[in-house]
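Please read them alongside the sequence and the coordinates.

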Amino acid sequence: MHIEQEVIDCIQNARRVCILTGAGVSAESGIATFRDAKEGKGLWSQYDPQQLASIDGFLKDPQTVWQWYQWRRDVNKDKQPNPAHLAIAQWQKRTQQNGNQLVSLITQNVDGLHQKAGSNPVTELHGNIWRNHCLQCGQTHHGSVERIEQVPECQHCGGQVRPSVVWFGEALPEQAWREAESAAYSCDLFLSVGTSSQVYPAAGLAALAKSQGAKVIEINPEPTSSPVVDYQIEGKAGILLPILF
Ligand code: BJW
Ligand code: ZN
């Protein structure tokens, strides 16, 4: 594996680093990426994730969307962090201890595997698949929803309970988005790992970092055509991150 010295210097010399992760980081844990899921076989392959993961999709057919999330939770529940999650968590811990670098982790993933690997803090831009809240009143839904096949009713207002993820057509959580913008704005190195960079506003963070003079490195086995990337490192996150950090 040959990695340019320039890239290594870039990582070593950065004072403030912003890492943006996407579904590709969890691929080696056995979780299908969002855009690969379409080509999958089985139960849900006839559905379009883009339709299911949308507010319109839920309003049209809440039962089907709820069951899709129940199925995904079931598939994801025993999945473990892979060397990519662990390398990020260790880098974060090390730099927190020695104070040399500030490493901010922003994820689009809803699977909670960064936290499971020990990363702290983690900014979740698209929510978390393990939490639920009421569509009508916003109250957090406590209590287990495991194996509940019908959309549960909110204990406060009788509204429909939904997974606390961000669907197409919905705004990102304000606090998380503020943290992400601020980390991207002030970093001198932006690392985009395992994301197709197609979904906004997350995909715009690299350009924001670049506009303030940051270098942008992308790690992906299928490099994107993003014009803001300075260095493309082609390969799997679980192999590359432990080497790079
Ligand atoms: C590996 C690997 C390995 C494989 N190692 N890599 C134009 C401009 C701006 C916005 C829009 C626009 N047109 C439309 C919009 C709106 C829309 C949008 O961006 N649409 C695009 C599709 C065009 N955005 C929104 O609707 C957002 N909200 C919004 O804009 O609100 C406006 C608003 C403001 C105020 C009030 C109201 C509204 C919300 C977006 C929410 C996204 N949600 C989802 C679902 C989450 C829940 C769930 O999981 O079910 O988030 S969609 C899905 O995509 C999920 C992901 O987080 C997200 C990003 O996907 P990601 O992570 O990049 O995954 P993939 O599969 O695309 O890519 C994986 C990559 O990994 C690939 O490149 C592989 O090669 C690579 N890989 N193995 C490293 N081993
Ligand atoms: Zn309610």
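**Notes on the predicted model**

1. Exposed means over 50% relative accessible area, buried under 20%, and partly exposed in between (1.4 Å probe, protein chains only). Helices (H or I, at least four residues) and strands (E, at least two) are DSSP runs, numbered from the N terminus.

2. This is a predicted model, in which local features need pLDDT of at least 70 and side-chain atom pairs count only at pLDDT 80 or more, while totals for chains, interfaces and linings use all residues. Residues are numbered from 1 along each chain as its sequence is written, chains are lettered from A and ligands numbered from 1 in the order in which they are written, and side-chain values use heavy atoms, with hydrogens and water left out.

3. Helix 1 covers residues 5-13, and its buried residues are Val7, Cys10 and Ile11. Seen down the helix axis, these fall within an arc of 95 degrees, so they line one face of helix 1; the arc is that of the directions from the helix axis to the C-beta atoms. The cover over them includes helix 6 (83-98), strand 6, strand 7 (215-219), strand 8 and helix 10 (237-244), where contact means heavy atoms within 4.5 Å.

4. An open sheet is formed by 6 strands in the order 3-2-1-6-7-8, with parallel pairing. Strand 3 (123-124) and strand 8 (231-233) stand at the edges with a single partner strand each, so one side of each has no neighbour in the sheet. Two strands pair if DSSP finds at least two bridges between them.

5. Strand 1 (residues 16-21) has 5 of its 6 residues buried. Its parallel pairing with strand 2 (residues 102-107) runs over 6 bridges, and Ile19 has Leu105 as its bridge partner in strand 2. With strand 6 (residues 189-193), strand 1 pairs in the parallel sense over 5 bridges; here Thr21 is partnered by Val193.

6. Strand 2 also pairs with strand 3, in the parallel sense over 2 bridges, and Ile106 stands opposite Thr123 in strand 3. Helix 8 (residues 174-186) lies across strand 1, strand 2, strand 3 and strand 6, and runs at about 135 degrees to strand 2. Axes are lines fitted to C-alpha atoms, for helices over the stretch in contact, and angles run from 0 to 180 degrees between N-to-C directions.

7. Which residues coordinate the zinc ion (ligand 2)? The donors are the SG atoms of Cys134, Cys137, Cys154 and Cys157, at 2.3 to 2.4 Å, spaced C-x2-C-x16-C-x2-C in sequence. Cys137 and Cys157, 20 residues apart, both lie in the loop between strand 4 (127-134) and strand 5 (161-165). Cys137 is partly exposed at 39% relative accessibility, and Cys157 is partly exposed at 42%.

8. Two cis peptide bonds deserve a check. One runs from Asn120 to Pro121, with omega near 0 degrees, and Pro121 lies in the loop between helix 7 (113-116) and strand 3. Another runs from Tyr200 to Pro201, with omega near 5 degrees, and Pro201 lies in the loop between strand 6 and helix 9 (205-211).

Technical notes. Donors = N, O, S within 2.8 Å, 3.2 Å for Na, K, Ca; no water.
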